[in-house]
Amino acid sequence: MLHSTKIISASLTVAYLALMVSCGEKPQNEDHYFQYIAKESDSIVPFSFQGDIQCLKANIFISDENLYIGLPYYIDTLQGENQIVQKKVGTILFNPVDYGINIDTASYQFIVKDMIAKDENHVYAYPKGLFKLPFIQVLDLNPAHTIVLDHEATYLRDDSLVYCFPTNTYLDVKAKDFEVIYIQHVPFGKYHSILYYWDEPQELPTTSE
């Protein structure tokens with residue numbers, strides 16, 4: 001049995017977010033910042049600010065003494081006759097206070113580059129979602145005990161929960177008995193005699209890498 005996490009989201013119908021850059025890199029169009037007209041709005045407008053926007057660390061920005069979570073803003077563009085490519089046009093800034101998030105900037109850091117972060121209080125995920133819509137997700141994991149189980153960040157685990165990042169779900173397993181194995185270089189979750197591909201149980205093969 002699976003249960004989904006509570007998603008704190010704002011939808012975007014003409015574009016999607018993919019976290020590709022952080023403060024340590026110089027992003028293209030880094031001076032183009034956007035915001036949603038309202039928390040539940042689909043429409044974006046240029047970000048309105050009086051002073052400079054500075055990157056504090058990771059994907060945390062500061063402007064006018066306010067903190068923001070920055071998510072790169074991409075649109076699909078046609079290249080040639082039939083090739084769709086992603087073009088970054090700027091960064092959308094979210095005020096974490098509007099989403100009930102209080103970030104501890106001193107301890108905030110990425111544990112999976114550009115996708116999953118934590119501070120001393122919470123673990124945060126920035127997945128694209130099934131429909132490539134932007135959202136911020138506060139996970140139910142204990143940041144002090146959260147570890148990433150595979151190099152593709154398919155599974156995260158703390159002392160009581162196992163979270164599947166691609167599907168944004170928790171597995172109904174005991175965390176201490178869950179492990180990751182690789183089959184043809186693909187990570188699978190293993191729980192006793194059950195094998196998981198993402199959050200779906202599979203038949204356990206007789207051999208593995």
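Strand 18 and strand 19 form a hairpin with two residues between them, and in this turn Gln-184 has a positive phi of about 50°. Here, strands are DSSP runs of E with at least two residues and helices are DSSP runs of H or I with at least four, both numbered from the N terminus. The model is a predicted one, in which local features need pLDDT of at least 70 and side-chain atom pairs count only at pLDDT 80 or more, while totals for chains, interfaces and linings use all residues. Residues are numbered from 1 along each chain as its sequence is written, and side-chain values use heavy atoms, leaving out hydrogens and water.

**The sheet around this hairpin**

Strand 18 runs antiparallel to strand 19 (residues 186-191), and six bridges join them; two strands count as paired if DSSP finds at least two bridges between them. Along this pairing, Tyr-182 stands opposite Pro-187, and Ile-181 has Phe-188 as its bridge partner.

Strand 19 also runs antiparallel to strand 20, with three bridges joining the two. Gly-189 faces Tyr-196 across this pairing. Strands 19 and 20 form a hairpin too, with two residues between them, and His-192 takes a positive phi near 55° there.

Put together, four strands form an open, antiparallel sheet in the order 18-19-20-21. Strand 18 and strand 21 (200-202) stand at the edges and each has a single partner strand, so one side of each lacks a neighbour in the sheet. Ignoring direction, neighbouring strands of this sheet are turned by 40° against each other on average; the axes are lines fitted to C-alpha atoms, for helices over the stretch in contact, with angles from 0 to 180 degrees between N-to-C directions.

**The chain as a whole**

Stepping back, the protein chain has 21 strands and zero helices. Of its 209 residues, 43% are buried, where buried means under 20% relative accessible area, exposed over 50% and partly exposed in between (1.4 Å probe, protein chains only). Among contacts with a separation of 6 or more, 48% come from residues 24 or more positions apart; a contact means heavy atoms within 4.5 Å.

**Rings that meet**

The structure holds twelve aromatic pairs. Rings of Phe, Tyr and Trp (its six-membered ring) pair if their centres lie within 6.5 Å, and planes under 30 degrees apart count as stacked, over 60 as edge-to-face and the rest as tilted. One of the pairs is Tyr-33 with Phe-61, edge-to-face at 6.0 Å centre to centre and 70° between the planes. This pair links distant parts of the chain, with Tyr-33 in strand 4 (residues 33-36) and Phe-61 in strand 7 (residues 60-63), 28 residues apart.

| Residue | Relative accessibility | State |
|---|---|---|
| Phe-47 | 8% | buried |
| Tyr-33 | 14% | buried |
| Phe-61 | 11% | buried |

Another pair is tilted, because the rings of Phe-178 and Tyr-196 have their planes at 50°, with centres 6.4 Å apart. This pair also links distant parts of the chain: Phe-178 belongs to strand 18 (residues 178-183) and Tyr-196 to strand 20 (residues 194-197), 18 residues apart. Both Phe-178 and Tyr-196 are buried. Elsewhere, ring pairs link Tyr-36, Phe-94 and Tyr-99 into a cluster.

**Phe-47 and its contacts**

Phe-47 lies in the loop between strand 5 (44-46) and strand 6 (53-57). Not counting residues up to four places away in sequence, Phe-47 touches several residues, including Tyr-33, Phe-34, Tyr-68 and Leu-93. Phe-47 and Thr-91 are 44 residues apart in sequence, yet 9.4 Å apart in space, C-alpha to C-alpha.

**Two nonpolar cores**

In soluble globular proteins, nonpolar side chains tend to be buried together. A nonpolar core is a set of buried Ala, Val, Leu, Ile, Met, Phe, Trp, Tyr and Cys residues joined through side-chain atoms within 4.5 Å. The largest one here has 19 residues, and Ile-69, Phe-94 and Tyr-108 are among those with the most contacts inside it. Strand 4, strand 8 (66-79) and strand 9 (83-94) each supply at least two residues of this core. Tyr-108 touches residues that include Ile-60, Ile-103, Tyr-124 and Tyr-126, not counting those up to four places away in sequence. A second, separate core has eleven residues, among them Leu-141, Ala-153, Tyr-163 and Tyr-170.
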